[in-house]
Amino acid sequence: TTRNGLFFGFFFVSLGYSFKTSALNIKAIYKLIGFIIGFILMFVEMLSLEHAGIPIEYNMYLSIIPTVYFLFSLCMEKSNTEKPKSYKDLGSFIYFSHFIVLYLSIGLFMLFKLEWIFYNNLFRFFYVAIVSTFLGLHFQKRKLKRLHQST
């Protein structure tokens, strides 16, 4: 929805920019502990909201902020030694294509009368994450192949 793109996505784009412009001097073990605590908090928040009958959607939690912060900082530990440009391209593709994969898949599953499969949130999450990642890897491989052919 528009609110996700304007308010929710903007925060994470800003977070990514802040990681690009400043270095974190936190030990990896503290980043891992922060991620685990954030993930547990997110799970507790989800269960609490579900028990209260409040959420309409399950994609906007306050505790996702520290969870993503520490997860991203953990990922940055590894990306400094490898190819950050290719990670950036892959991450951008996944971010910008995951909603297309979701909506096209829902339509496809409805066409074959299998939409009930998408009622399971965990299945939907992993399905979209895996398909978006494989599509991203495929297009990234094709892009690299074209670059090597042109040189």
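The dialogue below takes the features in turn.

Modeller: This is a predicted model, in which local features need pLDDT of at least 70, side-chain atom pairs count only at pLDDT 80 or more, and totals for chains, interfaces and linings use all residues. Residues are numbered from 1 along each chain as its sequence is written, and side-chain values use heavy atoms, with hydrogens and water left out.

Biologist: Where is S132 placed, and is S132 buried or exposed?

Modeller: Helices are DSSP runs of H or I with at least four residues, numbered from the N terminus. S132 lies in helix α5 (residues 121–150). Buried means under 20% relative accessible area, exposed over 50%, and partly exposed in between, with a 1.4 Å probe and protein chains only. S132 counts as buried because its relative accessible area is 0%.

Biologist: Which residues does S132 touch, beyond those up to four places away in sequence?

Modeller: Contact means heavy atoms within 4.5 Å. On that basis, S132 touches F93, I94, S97, H98 and V101, with residues up to four places away in sequence not counted.

Biologist: Which residues form the largest nonpolar core?

Modeller: In soluble globular proteins, nonpolar side chains tend to be buried together. A nonpolar core is a set of buried Ala, Val, Leu, Ile, Met, Phe, Trp, Tyr and Cys residues joined through side-chain atoms within 4.5 Å. Here the largest has 5 residues: V101, L102, F109, F118 and V128. Helix α4 (residues 84–111) gives the most to this core, with 3 residues.

Biologist: Where is K113 found?

Modeller: K113 is in the loop between α4 and α5, and is exposed because its relative accessibility is 65%.

Terms used
Helix = DSSP H or I, 4+ residues; strand = E, 2+ residues; numbered from the N terminus.
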